[in-house]
Amino acid sequence: MNFSPGSILSASFLLLLFLVLSAPFLRAKQRLLIAIGFSITAVASLLAAFAGFWTLAGGVTYQLVLPLGLPDLPFHIRLDSLAGFFLVVIGLLAFFVSIYSIGYVKGFLGQRPVTSLVVFYALFIAGMLLVVLSDDAFLFLVSWEIMAASTYFLVLFEDERPENRRAAFLYLVVAHVGAIAILLSFGIMAGLATGFSGFEGYTFDAMRKTVLPSGWAAAAFLLAFFGFSAKAGVIPLHAWLPEAHPVAPSNVSALMSGVMLKTAIYGIVRVVFDIIGSFPWWWGSLVLVFGLLSAVIGILFAVMQQDLKKLLAYSSVKNIGIILISIGLAMIFSSYQLKPLAALALLAGLYHALNHAMYKGLLFMGAGAVIHATHERNMENLGGLIRFLPWTSVLFLIGCISISSLPPFNGFVSEWLTFQAFLLSPSLNTPILKLLIPLGAALLALSSALAAAAFVKAFGITFLGHRRGPDQGRVHEVNWPMRIGMTMAAISCLMLGVLPTYVIKWMDPIAEKLTGATIAHSASGFGWMWLTPIAHERASYSAPVAFAGILVVVIVTYVLLHTRPGAIRRAPLWDCGFEKITDRMQYTAASFSMPLRRIFGFLFAVHEEVKQAPPGRHPAFPESFTYQLRVRDRFWGWLYKPVIDASFWVSRMVGRLQQGRIQVYLIYSFVTIIVLLLFV
Amino acid sequence: MSTQLAAQINSLLAAFILLTAFAMLAQRKKLAILHLFAWQGLFLSVSTAIVGFVAKSHHLYISSLLTLTLKVVVLPYILHVLIRKLKIRKEIEAVVNVPTTMLIGIALVIFSYHLTAPIRELSTLVTRSTLAVALATVMLGLLMMITRRHAVTQIIGFLAMENGLFFAATSATYGMPLVVELGVALDILIAAFIFGIFFFHINTTFDSLDVDQMARLKEED
Amino acid sequence: MSLLVLLIVPLVASLALAFIGDRKLAPEVNILGSAATLAAGVVLALGVYRNGPMLAGGNFFFVDAFNVYLAVLTSFVSVTTAVFSRRYMRREREHGTLGHRRIRFYHAMFQLFIFAMLLCLLTNNVGVLWIAMELATLSTVLLVSLYRTPSAIEAAWKYFILCGVGIALALFGTVLLYFAAEKVLGAGGEALLWTNLSTVSGQLEPTILSLAFVFLMVGYGTKVGLVPMHNWLPDAHSEGPTPISAVLSGLLLNIALYALVRCKVLVDGSTGTHHSGNIMMGFGIVSILVASFSLLRQKDIKRMFAYSSIEHMGIATFAFGLGGPVATFGALLHMLVHSLTKSAIFFTVGHASQMHRSQDMDRIKGLIRGNPLVGWGMTLGVMAIVGMPPFGVFTSEFLILTATIKDAPLMAPFLLLGLGVTFAALFRKVQPMVFGEAPEYQKRLKAAHIPVLLHMVLVLVLGLYMPRFLSDWFQTAVGILK
Amino acid sequence: MKIHPFLIEMVQIAVLLFAAPLFAGWVKMVKCWSQGRTAPSLFQPVRDIRKLLSKDVVLAENASWIFRFTPYLVFGVTVLAGGIIPIISTDLPLAATADVIALVALFAIARFFTALAGMDIGTAFGGMGSSREMTIASLAEPAMLMAIFAVSLASKSTSLSQMVLVVSQGYSILQPSLAFALLAFILIALAETGRVPVDNPATHLELTMIHEAMVLEYSGRHLALIEWAKMMKLFLFVVLGISAFFPWGIAVNDDLAGILAAPAYLVMKLGLAAVGLVLIETGLAKMRIFRVTEFLGSAFLFATLGMLSFFILE
């Protein structure tokens, strides 16, 4: 078998398949199962990433038809630049997480069998890889749902906890409804492709070839956008996300937040740019609006959270929003035939997808490490961990810096590119868009600033200060596989941040294929060190220089100031001269976000109550206070609950049909036949 | 006997069948209903025989014989025995508002007449006009099952429907192929045994044959 | 030849079992009979696959791609059900819920039922089809009331009366059909043969046929369990012994649908309109919606899955009504995978209710921990039945849905609604049963592995890889149903 | 004759390092005069820094490496920023390192770590300061970006040198968009540099302080670096404003004359800027933290108006 991306990929799939089939036989040896299983997934995902990288670098397309599925509708596989890019995103993070899992899953030994975890983990990765590879509607949906089902079981891994069951259920329902919507959208396109004389219409090739009538195209797009948004957790379809991601095992949450959401992004890009191809500007603005909504609301929710993993989950909503913003901009630009701008925006979005995969994976792994060490998810009971978890804390900090989009780390690059795309909107020739899109930029700025606040909170409350709440004994640094996995993710965060020009050059074929323009030339026209999206007069950013500059100045100052041996004396806190400071005087997660809660509170259902115990004493001398805070999602009451209530009402009504007496049933038949006879 | 006369007699019998159907719909006493049912069977078998004579298709004699034995002798006998065994002869059941039922019945007759009109145009048989009656009988039987609350009467209604079907078969098409006729008859016989068993079960478990007690399985709450 | 074997074996087996009674070997004999039937069925199928459709017994029997695959399916499910009922019935006897006489009766009737269904499928005569259908009903009525509990008797009575009435209406339709046919084909047996009818369907009198179709639709529709004639179905399925529920859901409904579709083809041929198709689509959609919403508030596990059967029959009916190559293909596939999946689910359900001595879903808990096979079997079965890939049901629903949005876009939202609600409702109920801790009152039992595994594997394979010959079969069937 | 850009860069950074304290001192002087107090010497801030540098560091027991690392980072970032903003010449090798957006992000790093340091030692004040700082920053950022947007519309660029080049040609300050943007920028700058009415650099009154609350526990050279960085930040924001709105005098083509003239212009402008700052600070009272929303909201409004007016009027 010749050595090509295709063969490498098939190797990785065979590995995963082998693992899935053989795992049940290793049931007895759990320790061995973990070691072998996750090493296999690591290798497999690394292979996939490599294949993807090769495809994109080589800029070639591989096609393959597997003799599976229906004889007239076999599975079509297509490995093109876009697929290659997402293969890298998925494979890379899956590789890091798999290595991390070798250490992390050991934590479950003795508590519960991990066989199902290993099996569904492998299925999950395979499903994601297949989603980006599939080239016909049937295979796409099959792999899409395999992905959903396996994650459902992964979320249910600790199935005795009711909140897991609730979350998993919610997740699966939303995912499935979304899947049906996607199915219908494909149905439209396939139907118009061939009119269902046979099965040919289901391949993406056939869909690409057909030009849809605008009405149908809009229907297809809206259905697809709905379906994919449900998966991506776009507000208001996000309700499942902050439930499901926190309760899953952390390595799984890392993958779910890091890459599973990206498959939805992939779907949108694939359907809009590749399959449908030409579209009016309002599609783009729709995507843009939902992106902004998710970005702002999502991060606001994140700031409010007190559960570390919930905070991370909500910030995923925000990042998905940012990606959608860029994609929306790209759609608007390309609908006006501004190809280079479209290319810039699209690459910004995809770049952000890659970055988000890295740092969100890193952060979830870090959260997993914290849970692994302290068995605690609630930030109110954490704090001061930087002293016990030196590695984890540094790596988590890197994640926080990246996600708060601060230079020189990767988060900033993609967001900077997005801003540049925004700043180019005046070149649109529609006045109203000219006026409105800049406001979007302001919202984006708001969301990124809030992100900084959220992650100052996340890191500060969790790792700094003193341990809040009951201190369960000594905490140990996590084991090596976990550290290695996190470290690799952290390094990739830095690399992606410092060497953006290379990444963009590498990603350029995608832009060329989907928007018909390239930006690599202009982007690195000023030298590899300077990222100049359009022209260096327009705007430029040099991550390496910034990185080096900061480093140099810091070192120089440090050295200069330490020429004189300055003694450092440790002393108790001064704190404006307060006496006996206790740990309970620290700012808590709730109090940190208080100002923002006051300012943006109207967006949430905030319930605060202060109880004085024991009540009835003189109000001036309360024994103790208990403060309870509940920040709830308004969308639940607005969107989900009504639907649920309505369907139960309907089902009660329907129940009336069947009220037991046989005569009534006979009347039904009687009436039915009379009516039908009348109509004939 | 000329075909004309045969047709005359046949339509007369059809009228009788319809009449019995209505009578059953109105009748309260079980035994009386049973007798009416037997009469209906008798008319049916006679008409079948006549049609057979007219159409010179001899398998109709067989089916007429079948009808006679089944609908006039066997089934009424079985039911009679059951009624006596289960001591439900005396039970007078409430029939929902006879006049209304009658009106609905009339409406049904008109309706089925209207429905079968096109067929009548097409058919060349002397018996074609009786198809409406057949359909009406079926409908009336169904109506009877709807209005009655007693297991036995429901069964009788069911059998009346079957009568209507037989009548339709003979009058519309000079009878179905013999295989079918026999098979149908066999099915009815089996059915008879089954509901015989059922009466016992129902009676022993609910100590009455009032089907309104059997409304436990339902969705609404 | 193999055709006659296929029909005679179950009949003989039924008689034999009636004599053997509740001896030690009765279940094995039962399995053996079904297995022989299956063998004959496979042979027959191969013959048809090789030499195309064939007549037998002097025009009395007729086999083509459409009914032969249903025949094989029927015999196959009968085998697995027999295997399952061996363990199941033993358990029931140990619990003293069933005496010797009833078990004898059960075995005999089971085989008779299989015979009736096979006759339905293979006969070439519309009248005989009707008779066999009635026979199938009658043979199962007393099985439904096997437990003699008040609710069982009530269910059986409703089943008996409603299906009896329905079938009677179908007979009226058949009479009309004959009436129309004999003008073209002349009186006598010839006029009721599918083979002849399908050739002359063009000349049949449209008005009569459309009239006939109404009666056939309501009549056979009652047995398919289409809303609003469905009311017998949940009762009958929930009260009878589980093996019977499995075959009722998995097979009988299919047979009724088969009859309905055959009639539809004739009617369409004669009227040349899509009228009957529209009627079927209407019934289908209504059934899907009503069933899916009824699922939401179920307490009894078997009742719930009975409703899901209604829903799936609705989908198949809808697809047949929709017509067109893709939709019909999907519908045929759907009949196949649904009966496989649903019977597998009923197997697990049977064991689950035996483990908890209750069909109340609030009492059934922690199945996976209690008995992994039953637990995972039910989970995966439900995943399959709600149309999750990579199971076969997804394939059929995929084809049907995509065809719908093309040919009847206005129906698509209702379909979407129905499927979504079904999904949520089923998982909402099943998840607490299979996951979580096992309650202390849960009993252990030896589950029948092979049937469940076999069915699930088949459904999985059909979802991932459909063999060429099967799809050829469906394609020819599609050609027949044009 | 030609002067090598790197030399200019060096000069500029040196200017930054030493002019910043002087500017701070100058602001203090003007303030004292305006309030009729006797002013400290212009060099007081320099003396303070030197004194602090020579003092030992007293570190809280539980302070982690973050607490010790932060001062250096803040200082480093600020110096780097100083190397990017054109103070005396636009022809800087570092200029291309970051455009305005990146510059804002650089300041954000400093803020991020200062906030962390505030939470590191686990006091109520530290947490309070961090929380408030981040809140205000998150409100200031959108306004800042809109202001940049308005300016960059005029100059078709976000790179500072380019802005200077474009704006210094023609009297673009007369453009309404730039006027609005300037207004917005002033408000934002007040918030970002922690001046009255948003924050009061002079107070240690617990409940009103924001920036001070975070750095309360610092001492010795750490404190020196923090204070120095803070002065530089103020200086840089003023310079930023100058280069964006009043760039005349900044050397655009590196001939000796221009470069020699530039400092003069700079001193003049800085002097005026300080007076303006003092006027604001004495004119307004420090506002409650939740009034800051409205303050920055109005800044956002101005910036948006600037942008709209560009599209509508120009």
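## A tour of the chain contacts

Start with chains B and C: their contact takes 37 residues from chain B and 37 residues from chain C. Keep in mind that this is a predicted model.

**Stop 1: the chain B side.** Select α4 (98–122), α5 (131–147), α6 (151–173) and α7 (178–206) of chain B. Each supplies at least two residues of the side that touches chain C. Which helix gives the largest share of that side? Colour α7(B): the largest share, 14 residues, comes from there. Now colour the chain B side by class. You will find 28 nonpolar, five polar and four charged residues.

Stop 2: Chain A holds 24 helices and five strands. Along its principal axes, the C-alpha atoms fill a box of roughly 95 × 75 × 65 Å. Why call chain A compact? Because a compact globule with 680 residues would have a radius of gyration near 26 Å, and chain A has 27 Å, which agrees. Of the 680 residues of chain A, 60% count as buried. Look at the contacts inside chain A too. Take those between residues at least 6 apart in sequence: 77% of them join residues at least 24 apart.

**Stop 3: chains A and D.** Bring chain D back. Four pairs of chains are in contact, and chains A and D share the most contacts. Here 68 residues of chain A are in contact with 71 residues of chain D. On the chain A side, select α15 (410–423), α16 (431–463), α20 (543–561), β3 (568–571), α21 (589–592) and α22 (594–600); each supplies at least two residues of the side that touches chain D. Then pick out α16(A). The largest share of this side, 14 residues, comes from α16(A). By class, the side has 48 nonpolar, twelve polar and eight charged residues.

**Stop 4: strands across the contact.** Zoom in on β3(A) and strand β1 (residues 57–60) of chain D. How many bridges join them? Four bridges do, and the strands run parallel. Select A:Arg570 next. Which residue of β1(D) is the bridge partner of A:Arg570? The partner is D:Leu59.

Stop 5: Find chain B and chain D, which do not touch; their nearest C-alpha atoms are 54 Å apart. Now turn to chain C and chain D. This pair does not touch either, with nearest C-alpha atoms 41 Å apart.

How values were computed:
Residues numbered from 1 in each chain as written. Chains lettered and ligands numbered in written order. Predicted model: local features only at pLDDT ≥ 70, side-chain atom pairs only at ≥ 80, totals over all residues. Contact = placed C-beta atoms within 7 Å. Nonpolar A, V, L, I, M, F, W, Y, C, P; charged D, E, K, R; others polar. Pairing = 2+ DSSP bridges. Rg over C-alpha atoms; globule rule 2.2 N^0.38 Å. Buried ≥ 20, exposed ≤ 12 C-beta atoms within 10 Å, placed from the backbone.
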